[in-house]
Amino acid sequence: MTAYCPSCNKDREVTVSKQRESYPVKGESIVIDANVVVCDVCGATIYDDELDEENLEEAYGIYREKHGLLAPRDLRELRAEYGLSQRGLSSLLGWSQATIARYEAGAIPSVAHNSQLIHFRGDLDYALELYHENKHKLNSLEAKRAADAFGSVKDSRSITNILQSFLSKCYTQNSALYVGNKAFDIDKLANMVVFFASGIQDLVKSKLLKLLWYADFLCYKRQGVSASGTPYVRDYYGPIPAHHDMLLAYLQEDGIVETRPYEGPYEGEYILPLVEFDKGLFSEEELDVLIAVVTRFKDSTAKEISRCSHDEDGYRATEMKQMIPYSYAESLKAIH
Ligand SMILES: [Zn+2]
């Protein structure tokens, strides 16, 4: 590979090699085996933005370890354990949401914050105390989830957690094209389901799955970002969320919806909401999309919406059981 060498004042062949270097972290110099770009001709070290970033990250990691500071991953795991969003955890700890977001993005936590986090993580009584003091600040879904987690903290691998982490894992490993440029947000997806199940009477499962598709794709069309970050696949009767059976199992396990069989010529199930819709999770634009989808399809039968979706380019161009790229949102026909 070649790069511009300022010492030679020329483009030169260069090599990446290891070099002991010290990086300043919070006023302390941390020595690491840094990856640096070296000019093959004159041996000068050439500054490289990307490598420098990586080296700095490593220095941060060493600094954290040395001082017993929690890493971004630790925070995410802690939140996952209790089913808390950044907002939820910050409410329990009495911090601003921005603080947690910064720490998860890699900022070094303050000593006071760090010891509070370690206390929260390691001392169930303390965590419970904070939970009881502040649970009124959580949204209903999170409060319920946290209650479950605290109730069965010894059995942290509850069914809900397993399903939730399965979905998160499956959904987040896809490229941006299949999740609409958005990290999967299970609370938003759950609340979209609640919105549709509350707003449409006798909502059947197969119809719900297509409404989710139309909503996420319409959001993407209008804003370039999906609402929930859910990937959708082509199925026999239309586009539906990937692993939709796991999704529905999760929604029921977590007490978000229940299903009831209906009597009729076909077999099927109604979806009924068990929690209230949390409007606060959505932007005005996203709420407009949800309302537009309900308005457009509330009187459509499952069969009609299935037929609509079969006309959509994204559905037609995708192979059976394959994921549908969000780029097809541009040409949605049934709704604009
Ligand atoms: Zn050189």
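Me: Is the crossing of H11 and H13 right-handed or left-handed?

Reply: Right-handed, in this predicted model.

Me: How do I read a pair of packed helices in the first place?

Reply: You describe two packed helices by the angle between their axes and by the distance between those axes. Take helix H11, residues 205-223, and helix H13, residues 284-297: their axes lie 9 Å apart, at an angle of about 135 degrees.

Me: Which residues in H11 meet H13?

Reply: On the H11 side you'll find Lys-207, Leu-211, Tyr-214, Ala-215, Leu-218, Cys-219, Arg-222 and Gln-223. Their partners in H13 are Glu-285, Glu-286, Asp-288, Val-289, Leu-290, Ala-292, Val-293 and Phe-297. Sort the residues of this contact by type and you get 10 nonpolar, 1 polar and 5 charged.

Me: OK, let me try another pair. What is the angle between H5 and H6?

Reply: Again, look at angle and distance together. The axes of H5 (residues 111-122) and H6 cross at roughly 100 degrees and come within 5 Å. Angles of 65 to 115 degrees count as roughly perpendicular, so that is the word for H5 and H6. Gln-116, His-119, Phe-120 and Gly-122 from H5 touch Leu-124, Tyr-126, Ala-127 and Leu-130 from H6. This contact has 5 nonpolar residues, 3 polar ones and no charged ones.

Me: And how does H3 sit against H6?

Reply: Helix H3 (residues 86-93) crosses H6 (residues 124-134) at roughly 100 degrees, with the axes coming within 8 Å. H3 is therefore roughly perpendicular to H6. Ser-91, Leu-92 and Leu-93 in H3 meet Leu-130, Tyr-131 and Asn-134 in H6.

Me: Now the metal. Which residues hold the protein donors of the zinc ion?

Reply: Four cysteines, each through its SG atom: Cys-5, Cys-8, Cys-39 and Cys-42, at 2.1 to 2.4 Å from the zinc ion. Along the sequence, they follow the spacing C-x2-C-x30-C-x2-C.

Me: Why is the arrangement around the zinc ion tetrahedral?

Reply: Check the angles: the ideal for four tetrahedral donors is 109.5 degrees. Around this zinc ion, the 4 donor atoms subtend angles of 105 to 119 degrees, so the arrangement is tetrahedral.

Definitions and conventions:
Residues are numbered from 1 along each chain as its sequence is written. This is a predicted model: local features need pLDDT of at least 70, side-chain atom pairs count only at pLDDT 80 or more; totals for chains, interfaces and linings use all residues. Side-chain values use heavy atoms; hydrogens and water are left out. Axes are lines fitted to C-alpha atoms, for helices over the stretch in contact, and angles run from 0 to 180 degrees between N-to-C directions. Helices (H or I, at least four residues) and strands (E, at least two) are DSSP runs, numbered from the N terminus. A crossing is left-handed if the near helix is turned anticlockwise from the far one by less than a right angle, and right-handed if clockwise. Contact means heavy atoms within 4.5 Å. Ala, Val, Leu, Ile, Met, Phe, Trp, Tyr, Cys and Pro count as nonpolar, Asp, Glu, Lys and Arg as charged, and the others, Gly among them, as polar. Donors are N, O and S atoms within 2.8 Å of the metal (3.2 Å for Na, K and Ca); water is not among the atoms, so sites may look incomplete. Four donors count as tetrahedral if all angles lie between 85 and 135 degrees; four count as square planar and six as octahedral if opposite donors are over 155 degrees apart and all others between 65 and 115; anything else is irregular. Angles under 35 degrees count as roughly parallel, over 145 as roughly antiparallel, 65 to 115 as roughly perpendicular and the rest as oblique.
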